[in-house]
Structure formats: C-alpha cells, structure tokens
Amino acid sequence: QDRAGRVWVGFHDTGLMLFSQNRRLFTERDGLPATEVFSIRETRAGDLLVSTRLGMARFAGGRFQIHPAPDPLGRRSVFDSIEDSAGRVWLASTTGLSELRDGRERNVIPGGPLIADAVVSLLEGPDGTLWAGTYGKGLWRVNGADKRLFTTADGLSSDQIRALYRDRDGTVWIGTFGGGLSAYRDRRFFKFTAKDGL
C-alpha cells in the first residue's frame, strides 16, 4: 500500500496491478521491463521502485524508467530495491548488491556465476545499516566501508534468505528457506522453527 492508500500487487507472470477506484494492469506495453515482479517499494518522493526479472523500474509521473542490472552473463534480474534514509537507492540482483547513482551502478558486494551468490532481499536498520540477504550464501551487514557476512556458523538458521523485516524494537527478522525464522538482536541470532509453533 502506498501513501495515498492505493494497493499495488506484483504478479509472477502478469505484471503490476494497481487496485484503486480505477483498477489498472501495467505490463511491458506500459514500459514495465518484465511481467514477473519480485518486489515493490516506495521512495520518500512517492515513486515506486519495481523489481522484475529484467531489471528495476522507477515508476514516477505515470512512466517507468528502467535500470537493468549489468551482468557479463546476461542476467538482468533485480530481486529487490530500496531507497535508504540518506536517499540512496540500492539494488539486490544476480550481480550482488549495488548502489544506484545518477543512473549508474556501483557494485558494493559482488555476486558470482551461481544463483546462490545473488542478493535477493534488502532492509535498512535503525542506524542506517543495510542488511542484504542472499539466495544461498548468508546475510550481509553493510555499514559504510564495514561489511560482514553472517552464515549458519554465526547462528543464522539458514544461509538461504528470503525475507527481511525490522520491528519497532530494532530486531531484524530473517525469513529463510528451510531454516525457519531467525531474529538478530543484541548481536545474537535466535531461531524459530516448527518446534516453536511455526
């Protein structure tokens, strides 16, 4: 839901739908890079950052501006994108974690040839720290030049991250594939699995 109260839905193969008084479906004909939508985020200015199989598109003023992820292997998927509190736009893609500046990407955490190296989920912490979950290599914490990768060796329940969320207390919640739910608080990981009621 955006600030105006409109609901946006991204589909696996149909595109981006706006649910309002006048329902509308956006596809490639409208400038969307692809009809497979991974995430939808809103910027402080009210633009939408729509991450798709063929790049990220900023939706502003009724138009899409496309930012494909440059990849020597030809992959262009952007799985997530956010604007942080400093106004910087970050992209999670097959090429890793990148910052978008003036239409150009600056790679901060390189990806690799395997899908496990891809960054798929992003979150900004209360102190401006950026959290980046990978498809199969663990969870990155980025604060300026300081970068740290957390894995199961550090207490993470799985290295396959699928969702990130921060609650009002500052706890970072990590949804994983195969490992249940992890929480990071006070520099420790806590695990929740089916045995705990999931």
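Is Arg24 buried, partly exposed or exposed? At 40% relative accessibility, Arg24 counts as partly exposed; here buried means under 20% relative accessible area, exposed means over 50%, and partly exposed lies in between, computed with a 1.4 Å probe on protein chains only.

Before going further, please keep in mind that this is a predicted model, in which local features need pLDDT of at least 70, side-chain atom pairs count only at pLDDT 80 or more, and totals for chains, interfaces and linings use all residues. Residues are numbered from 1 along each chain as its sequence is written, and side-chain values use heavy atoms, with hydrogens and water left out.

**The overall picture**

- The protein chain has 19 strands and zero helices; both are DSSP runs numbered from the N terminus, a helix being H or I over at least four residues and a strand being E over at least two.
- With a radius of gyration of 17 Å, close to the 16 Å that the globule rule gives for 198 residues, the protein chain is as compact as a globular protein of that length. That radius is taken over C-alpha atoms, and the globule rule is 2.2 Å times the number of residues to the power 0.38.
- The C-alpha trace of the protein chain spans about 45 × 40 × 30 Å along its principal axes.
- Of the 198 residues in the protein chain, 45% are buried.
- Take the contacts (heavy atoms within 4.5 Å) in the protein chain between residues at least 6 apart in sequence: 34% of them join residues at least 24 apart.

**Surface and charge**

**Salt bridges**

- Side chains of opposite charge can pair when their charged atoms come close.
- How many salt bridges does the structure hold? There are eleven, each being a side-chain nitrogen of Lys or Arg within 4 Å of a carboxyl oxygen of Asp or Glu.
- Arg24 pairs with Asp30 in one of them, with the closest N and O atoms 3.1 Å apart. Asp30 is partly exposed, at a relative accessible area of 28%.
- Asp84 and Arg88 form another salt bridge, at 2.8 Å from N to O. Asp84 is buried at 3%, whereas Arg88 is partly exposed at 34%.
- Glu99 and Arg106 meet at 2.7 Å, N to O. Glu99 is buried, with 1% relative accessibility, while Arg106 is partly exposed at 41%.
- Glu99 and Arg106 also belong to a network of salt bridges that includes Arg101.

**Strand 1**

- Val9 lies in strand 1, and so does Gly10, in a strand that covers residues 7–10.
- Val9 is partly exposed at 25%, and Gly10 is partly exposed at 33%.
- Which residues does Gly10 contact, leaving aside its neighbours within four places in sequence? They are Gly15, Val37 and Ile40.
- Not counting residues up to four places away in sequence, Val9 touches Gly15, Leu16, Met17, Phe19 and Ile40.
- Val9 and Lys191 are 182 residues apart in sequence, and their C-alpha atoms are 30 Å apart in space.

**Loops to look for**

- Asp186 sits in the loop between strand 18 (181–185) and strand 19 (188–192), and Arg187 is found in the loop between strand 18 and strand 19 too.
- Phi is positive at Asp186, near 55°, and positive at Arg187, near 65°; each is a residue other than glycine.
- Asp186 is exposed at 65%, and Arg187 is exposed at 77%.
- Arg168 is in the loop between strand 16 (161–166) and strand 17 (172–176), and Arg168 is exposed, with a relative accessible area of 88%.
- Arg168 and Trp90 are 78 residues apart in sequence and 22 Å apart in space, C-alpha to C-alpha.
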